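Please read the following note alongside the sequence and the model.

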Amino acid sequence: MLPMTSKAKKRLFLTVVLLVGLFLTLKLTYWVHLHQGKIDIQAQSEKQLKELISFLDGALSRYESIPHVLSTNPMLASVLNDPKNSSKVQDLNLYLEEIQHVTEASDIYLIDEQGVAIAASNWQQSFSFIGKDYSFRPYYTDAISGNLGRYYAVGTSSDKRGFYFSYPIYQQGGKGILGAIIVKVDISGIEQQSTSIAIAGQYQFMISDPEDIVFISSIDEWRLKSLTPLTKIKQHTIDTSKRYAERPIGELLIKPAYESDRQAMIYQLQTGKDREQYMDNHQQMSKAGWRVHIFAPIKPLMTSLPALMLLSASIYLLLALSILFSAERRRNLHRMQLAQSLLEQRVEERTQDLLQANHQLKDTQDELIQAAKLTVIGSLAASINHELNQPLAAIRSYAQNTQTFLTRNMQDKALDNIKIIIELTDRLADIVGQFKSFTRKSQGTDSATDISRCLKQALTIVQPAIDKQGVELDVQLPSSQYQVWGDKVRLQQVFVNIMSNAIVAMQQSVKRHLIIRVTCEDKFCISIQDTGPGVRESQIEKIFEPYFTTSERHGLGLGLSISQRIIESMQGQINVANAEDGGAIFQIILPIYLLEER
């Protein structure tokens with residue numbers, strides 16, 4: 001097995017650190033989400049618990065004063081004093097039935113001192129309370145003792161869950177207690193309204209008694225179930241009290257074991273076929289003797305956990321990658337700075353070499369340009385010789401004639417000959433001056449150059465060759481004065497090169513016609529067209545390459561290459577194409593110089 005390199009070890013270490021950090025991030029996210037979620041659920045449950053208890057208190061308090069109000073009716077004491085009087089009993093039955101309809105109570109009934117019901121609002125029902133003994137009920141004991149009684153239980157006659165309010169009936173003058181009036185409230189109506197509130201609040205609720213028996217609940221299967229194990233003693237107590245009549249009491253499937261003294265406990269309860277987790281918050285209703293429980297579901301909290309953990313992991317990875325990227329970027333920047341310093345040092349060294357080489361290259365280029373000029377002069381030498389010989393021969397002839405005229409004392413004619421001799425010498429001076437200017441090395445300075453004047457000077461140089469070859473010249477220059485920015489000596493060389501090549505190309509042509517056009521729109525376009533054989537299509541792309549020449553165009557092959565560089569240095573371009581009627585067309589395109597540009 002090959003040993004790990006330092007780079008591989010570093011990569012492995014970073015991977016381990018990244019994974020450990022990810023695990024800790026997920027662990028922390030899990031804990032914080034559940035912890036804060038439970039705090040929020042508990043706070044919400046406590047608020048819902050207060051609202052539910054307030055509703056239950058309000059629902060029961062509607063009936064709490066009814067027994068006391070009814071006890072002031074002398075009809076009740078009269079019946080208790082004369083329970084054998086069927087007429088009085090029947091009148092009381094009808095009265096209690098009417099009160100039951102008005103108050104919407106479940107049942108209202110009157111019991112005597114022994115706890116036996118002698119009149120009731122349900123006197124005509126099959127489960128009428130009349131004749132039944134209720135002395136075992138705590139509400140009877142409280143009323144006979146002179147107190148307001150409160151009790152909840154399943155009716156032994158009706159088998160309906162109810163809450164009972166009782167109040168004593170005093171003998172006229174308040175000397176003794178004759179019995180008690182009982183008002184029963186149907187718990188199922190209150191349970192339905194409480195369930196609607198629970199559904200709106202997205203929680204479940206239950207109400208348990210001191211024995212931890214669920215009396216009211218939003219879940220049917222939780223009702224009449226014990227929160228704690230049903231021991232024999234507890235079962236005996238329930239049977240003895242007859243609170244739940246003949247209803248069987250079972251154990252509620254709850255895990256872990258229920259603890260009544262602890263709040264915000266999370267239990268797992270059976271709901272239908274599923275077992276779900278709920279947080280229990282409860283509070284005692286002292287008057288009713290109830291313990292009200294709010295069971296908030298934990299499922300929404302757990303459902304939102306995967307998305308939150310995914311988000312947390314994504315943020316962690318983004319931060320970790322950002323840190324790694326930033327560290328790598330700093331290292332790369334440091335390396336780049338070192339490399340840049342080294343590069344700057346090398347560039348400085350190379351710059352000195354390049355400056356020296358550039359000077360040598362410029363000198364070489366100037367020598368090439370000068371050589372190209374001399375090449376053109378060489379090719380035009382015969383024409384120049386012819387152009388100079390004619391004026392010289394004429395000067396000699398006019399000088400001899402002048403000498404003769406002077407000997408004959410013909411001064412007027414002698415003066416005329418001298419004027420002609422002066423004109424011929426001026427012409428010779430112009431020709432020699434143009435060639436001298438053309439052959440001189442350029443100083444390399446740019447300036448505003450008149451395009452028409454530059455063309456005329458170039459034509460002066462090639463005019464001897466035009467005359468010698470019998471070339472017909474057609475020149476069309478713009479009427480206005482236009483300028484370009486550049487070196488006028490080098491621009492003149494470009495024109496001389498192209499026109500000289502055109503004259504050479506037409507040596508074997510029957511028709512020799514040189515056309516020069518200057519047009520001006522957005523830019524200058526100088527067109528130089530000859531009637532020679534043109535340029536082969538295969539050679540058009542190569543014609544501006546150094547040392548390239550054709551059989552029709554003689555020389556070293558540097559003239560057009562140098563011309564192209566000169567034009568490009570003036571921000572222009574030079575193109576070549578073949579005319580439709582034969583011959584080559586060179587187009588030189590240059591930007592127009594405006595005074596405000598410089």
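1. Setting aside neighbours within four places in sequence, Met279 is in contact (heavy atoms within 4.5 Å) with Lys38, Ile41, Gln42, Ala264, Met265, Ile266, Ile294, Phe295, Ala296 and Ile298. Met279 belongs to strand 12 (residues 274-285); helices (H or I, at least four residues) and strands (E, at least two) are DSSP runs, numbered from the N terminus. Its relative accessible area is 1%, so Met279 is buried; buried means under 20% relative accessible area, exposed over 50%, and partly exposed in between (1.4 Å probe, protein chains only). Between the C-alpha atoms of Met279 and His293, 14 residues apart along the chain, the separation is 9.7 Å.

2. On the basis of the note: this is a predicted model, in which local features need pLDDT of at least 70 and side-chain atom pairs count only at pLDDT 80 or more, while totals for chains, interfaces and linings use all residues. Residues are numbered from 1 along each chain as its sequence is written, and side-chain values use heavy atoms, with hydrogens and water left out.

3. As to the chain overall, 14 helices and 20 strands are present. The chain has 598 residues, of which 40% count as buried. Of the contacts between residues at least 6 apart in sequence, 60% join residues at least 24 apart.

4. Leu80 and Leu178 are 98 residues apart in sequence, yet their C-alpha atoms are 6.4 Å apart in space. When neighbours within four places in sequence are left aside, the contacts of Leu80 are Leu110, Ile111, Asp112, Ile118, Ile169, Leu178 and Gly179.

5. How do helix 1 and helix 6 cross? The axes of helix 1 (residues 6-64) and helix 6 (residues 187-201) come within 11 Å and cross at roughly 160°. Axes are lines fitted to C-alpha atoms, for helices over the stretch in contact, and angles run from 0 to 180 degrees between N-to-C directions. Helix 1 and helix 6 are therefore roughly antiparallel to each other; angles under 35 degrees count as roughly parallel, over 145 as roughly antiparallel, 65 to 115 as roughly perpendicular and the rest as oblique. The contact involves Gln48, Leu52, Phe55, Leu56, Ala59 and Leu60 of helix 1, together with Ile190, Gln193, Ser194, Ile197 and Gly201 of helix 6. By class, this contact of helix 1 with helix 6 comprises 7 nonpolar, 4 polar and no charged residues. Ala, Val, Leu, Ile, Met, Phe, Trp, Tyr, Cys and Pro count as nonpolar, Asp, Glu, Lys and Arg as charged, and the others, Gly among them, as polar.

6. A further helix pair deserves attention. Helix 12 (residues 451-469) and helix 13 (residues 488-505) pack at an angle of about 30°, with their axes 9 Å apart. Helix 12 and helix 13 are therefore roughly parallel to each other. The residues of helix 12 in this contact include Leu455, Leu459 and Val462, and those of helix 13 include Leu491, Phe495 and Met499. The residues of the contact of helix 12 with helix 13 divide into 14 nonpolar, 4 polar and 1 charged.

7. Aromatic rings are the next topic. The structure contains 17 aromatic pairs; rings of Phe, Tyr and Trp (its six-membered ring) pair if their centres lie within 6.5 Å, and planes under 30 degrees apart count as stacked, over 60 as edge-to-face and the rest as tilted. Tyr139 and Tyr151 form a tilted pair, 6.5 Å centre to centre and with 55° between the planes. Tyr139 lies in helix 5 (residues 138-144) and Tyr151 in strand 3 (residues 149-154), 12 residues apart. Tyr139 counts as buried at 0% relative accessibility, and Tyr151 counts as buried at 7%. One aromatic cluster is formed by Tyr139, Tyr151, Tyr152, Phe163, Tyr164, Phe165, Phe215, Tyr244 and Trp290.

8. Finally, some backbone details. Most residues other than glycine have a negative phi, and most peptide bonds are trans. Glu104, although not a glycine, has a positive phi of about 60°; Glu104 lies in the loop between helix 4 (86-103) and strand 1 (107-112) and counts as exposed at 59% relative accessibility. Ala245, also not a glycine, has a positive phi of about 50°, and with a relative accessible area of 25% Ala245 is partly exposed. The peptide bond from Lys255 to Pro256 is cis, with omega near -10°.
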